[in-house]
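Dear colleague,

Please find below the structure I am handing over to you. My notes on chain B follow it.

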Amino acid sequence: MQIPMADDYTFFRHRRRDQYVINMMRRILLRIIQLIFILLILSFLVFLLMYLAPGDAAEKRLMSQGVAVTKEMLTAERERMGLLRPFFVRYGEWLFGVLRGDFGLSVKDDLPVAPKLLAGLKNTTALAGGSLLLTLLFAFPAGILSAVRQGGIPDHILRILSFAGNSMPNFLLSILLMYAFCVRIRLFPIIAEGGIEGLVLPSLSLAIPMASRFIRQIRAEILTELSAEYVRGMRARGVKERYILFGNVLRNASGHILTTIGLQVGTLMGGSVVVESIFRWPGIGKLVMDSITARDYPVIMGFVLVMGTIYVVINLLTDIAYRVLDPRTSTHA
Amino acid sequence: MAKELLKIRNLYASYGEEPVLLDISFDIPEGGIFCIVGESGSGKSTLLKAVLGLDRVLVTGGDILYEGRSLPGMPDREHRKLLGREIGLIPQNPAGSFNPTRRLRAQIRETVESQGMAYSEKAAVEAFGAVGLTNPEKVLSSRPYELSGGMNQRIAIAAALLPEPRLLLCDEATSALDVVTAGAVVDELFSLSRSRNTALLMVTHHLGIAKRMSDRIGIMKDGQLIETGSTEEVLARPREEYTRRLLAAVPRLS
């Protein structure tokens with residue numbers, strides 16, 4: 001008997017491929033517009049906060065030059081630094097400068113802020129990259145192993161290790177590593193500004209807690225995915241476990257994992273202040289710590305704005321990657 | 001009489017603490033079609049799970065013999081090797097048996113290559129065509145969530161048939177299809193079984209399907225096979241009151 005054909009009309013309940021791409025583009029464009037607004041608001045808030053913050057940059061600056069400050073000198077210095085003009089004028093000027101890549105001059109030493117930020121950013125990126133690489137190299141195999149051999153010996157060992165790594169504060173870990181590898185075994189210099197060998201210990205200090213969290217998450221994501229109905233279906237079809245794990249389970253789980261990585265990168269860029277200070281790594285975290293003590297407002301403002309931009313852009317990229325990995329999230333636009 | 005392919009001997013099985021199957025016995029010869037009819041919750045699906053060995057169905061007594069080898073007795077790894085090429089499954093929820101985010105071509109390829117066979121686009125297109133899918137190339141390029149339930153069911157049937165298993169388990173294989181298509185698919189399965197000498201173990205709550213294709217049927221109630229026999233015999237002269245009630249309740253499938 002002839003089997004009736006499923007009619008072409010009900011064929012694709014959703015859209016075709018070109019429609020999918022258009023949807024995607026539209027979403028990205030929308031996100032970019034959103035992003036611009038977010039950054040505008042952020043820049044305003046940053047400027048406002050610095051405006052309202054106690055302390056007087058002019059006074060601080062004169063004091064740092066070691067002269068006795070008179071009222072006249074203070075007024076003249078304020079005038080020279082442009083602190084007496086109205087708030088919105090100053091905000092506007094600063095914003096237009098920023099858009100041209102000019103973040104103003106550092107209050108501390110009159111040098112432009114942008115190159116300082118750039119140099120710090122470069123070092124911090126190297127540190128973040130190094131620690132992320134270490135994290136992924138360790139966390140992926142470990143997470144997969146403990147999920148696949150759930151309840152086995154490696155799973156238990158990794159559970160304890162990741163618990164310990166997760167509960168250890170960064171600064172303690174940094175000091176322990178320093179003691180072990182710089183004092184006991186003299187493998188690395190205590191202070192190595194720049195240089196690859198100076199990158200290893202701070203990267204490890206950041207990577208160990210992060211990897212500990214990732215192992216738990218990767219394990220959980222894989223276990224959730226392994227209990228999905230399609231895994232049972234594939235097993236019933238006799239599909240090899242290797243295909244199920246690497247071609248399907250890991251692929252489906254990677255969307256969520258990637259989101260966490262994206263968030264982590266943001267945290268790493270801004271949050272490695274403590275580790276950078278301990279190892280005297282000339283990153284942006286150390287730069288901003290020094291600037292906060294010196295009330296170097298232009299540097300702080302630049303820092304917040306740059307970090308905000310990085311955070312938002314990484315978020316956008318993560319979002320796009322997530323959609324590509326799981327096309328279901330794109331069709332219901 | 002052909003050689004017995006699957007023998008189930010006094011099988012007791014439980015799901016967790018709860019006993020689900022009680023003293024089940026039947027045989028399926030090579031190329032034979034056995035249909036188990038029963039209400040939801042009677043233990044039909046558990047029986048299939050026990051044969052597949054994938055879920056945590058605990059065999060507490062009796063045995064399941066495939067070509068004389070005990071399935072519950074063999075190591076998991078060996079049992080898994082039988083799936084696909086020897087024992088196939090058309091699952092109850094076909095859409096759920098594929099990874100929703102990947103194109104079917106990749107998934108069919110994995111299914112075929114896992115059996116040590118080479119993937120050929122032509123064979124896949126033919127297999128899809130054989131179960132009544134129009135435009136098989138397009139279907140291969142789409143993802144399961146983009147297709148209707150009926151189409152997914154056909155794909156699941158095609159995927160189960162591609163490795164040419166000797167025993168095919170069908171768990172309500174036509175539940176997502178409309179009556180006309182269901183009838184056609186049942187006919188298709190029947191002719192495939194005859195032409196390839198594939199044994200079928202079907203589980204359904206639909207007596208009409210059983211009547212249409214099976215050699216023998218078993219009526220299942222509360223985990224027991226209360227009546228077993230050749231299809232004609234059971235349907236013409238049901239011994240049990242329950243079977244008679246089931247028969248009376250069936251809408252006729254012409």
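Which strands of chain B does helix α6 lie across, and at what angle does it run to β6(B)? In this predicted model, helix α6 (residues 149-161) of chain B lies across β6 and β7 of chain B, and its angle to β6(B) is about 175°.

Those two strands belong to an open sheet of six strands in chain B, ordered β6-β7-β8-β3-β9-β10, with mixed pairing. At its edges are β6 (87-90) and β10 (224-230) of chain B, each of which pairs on one side only. On average, neighbouring strands of the sheet are turned by 15° against each other, direction ignored.

Helix α1 (residues 44-52) of chain B also packs on this sheet, where it touches β3, β6, β7 (167-171), β8 (199-204) and β9 of chain B. The direction of helix α1 makes about 145° with that of β7(B).

Within the sheet, strands β3 (residues 33-38) and β9 (residues 216-221) of chain B pair in the parallel sense over five bridges. The bridge partner of B:V37 in β9(B) is B:I219.

B:D23, found in strand β2 (residues 18-29) of chain B, has a positive phi near 55° although the residue is not a glycine. B:D23 is partly exposed, because 13 other C-beta atoms lie within 10 Å. B:N135, which is not a glycine either, has a positive phi of about 55° and lies in the loop between α4 (121-130) and α5 (136-140) of chain B. B:N135 counts as partly exposed, with 16 C-beta neighbours inside 10 Å.

With kind regards

Methods:
Residues numbered from 1 in each chain as written. Chains lettered and ligands numbered in written order. Predicted model: local features only at pLDDT ≥ 70, side-chain atom pairs only at ≥ 80, totals over all residues. Pairing = 2+ DSSP bridges. Helix = DSSP H or I, 4+ residues; strand = E, 2+ residues; numbered from the N terminus. Axes fitted to C-alpha atoms, helices over the stretch in contact; angles between N-to-C directions. Contact = placed C-beta atoms within 7 Å. Buried ≥ 20, exposed ≤ 12 C-beta atoms within 10 Å, placed from the backbone.
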